[in-house]
Amino acid sequence: MITTANPLSYRDRAVLRAVAAGRCEISDDTGGALVVDGRFLSDQFTGPRLTAAGLIAAGSHHGPARLTASGAALLEAA
């Protein structure tokens, strides 16, 4: 969970920027892992963690990832 006690890391911000740029998909085949530019994100925990924190979402369990309003606000503030 992302909180003020556990702020966004550099990697989190980079992933959120990639999602905002339309470069990410969520793969249901692998438990919600993120695919960036056609390749799986090497940190398999980042995608599900950011999704559970309500910062990224997908229209379905497989497809393009998108920032939530909270994710966009945190990225803008970072």
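This is a predicted model: local features need pLDDT of at least 70, side-chain atom pairs count only at pLDDT 80 or more; totals for chains, interfaces and linings use all residues.
Helix 1 spans residues 10-20, and its buried positions are Asp12, Val15, Leu16, Ala18 and Val19. These residues lie on the same side of helix 1, because the arc they cover around the axis is only 160°. Packing of the buried residues of helix 1 involves both strands and helices: the partners are strand 1 (24-27), strand 2 (33-36), strand 4 (56-58) and strand 5 (63-67), together with helix 2 (46-52) and helix 3 (69-77). Just after helix 1, a positive phi of about 80° is found at glycine 22.

In soluble globular proteins, nonpolar side chains tend to be buried together. In the present model, the largest nonpolar core comprises 16 residues, and Leu16, Cys24 and Leu34 have the most contacts inside it. Two or more residues of this core are supplied by each of helix 1, strand 1, strand 2 and strand 4. Helix 1 provides the largest share, with four residues. For leucine 34, when residues up to four places away in sequence are not counted, the contacts are Val15, Cys24, Glu25, Ile26, Arg39, Phe40, Leu41, Gly47, Ile56 and Ala65. Among them, Val15 is a buried residue of helix 1.

A charge-ring arrangement is present, however: the charged end of arginine 17 sits over the ring of tyrosine 10, at 5.8 Å from the ring centre.

Methods:
Residues are numbered from 1 along each chain as its sequence is written. Side-chain values use heavy atoms; hydrogens and water are left out. A charge sits over a ring if NZ of Lys or CZ of Arg is within 6 Å of the ring centre and within 35 degrees of the ring normal. Buried means under 20% relative accessible area, exposed over 50%, partly exposed in between (1.4 Å probe, protein chains only). The arc is that of the directions from the helix axis to the C-beta atoms. Contact means heavy atoms within 4.5 Å. A nonpolar core is a set of buried Ala, Val, Leu, Ile, Met, Phe, Trp, Tyr and Cys residues joined through side-chain atoms within 4.5 Å.
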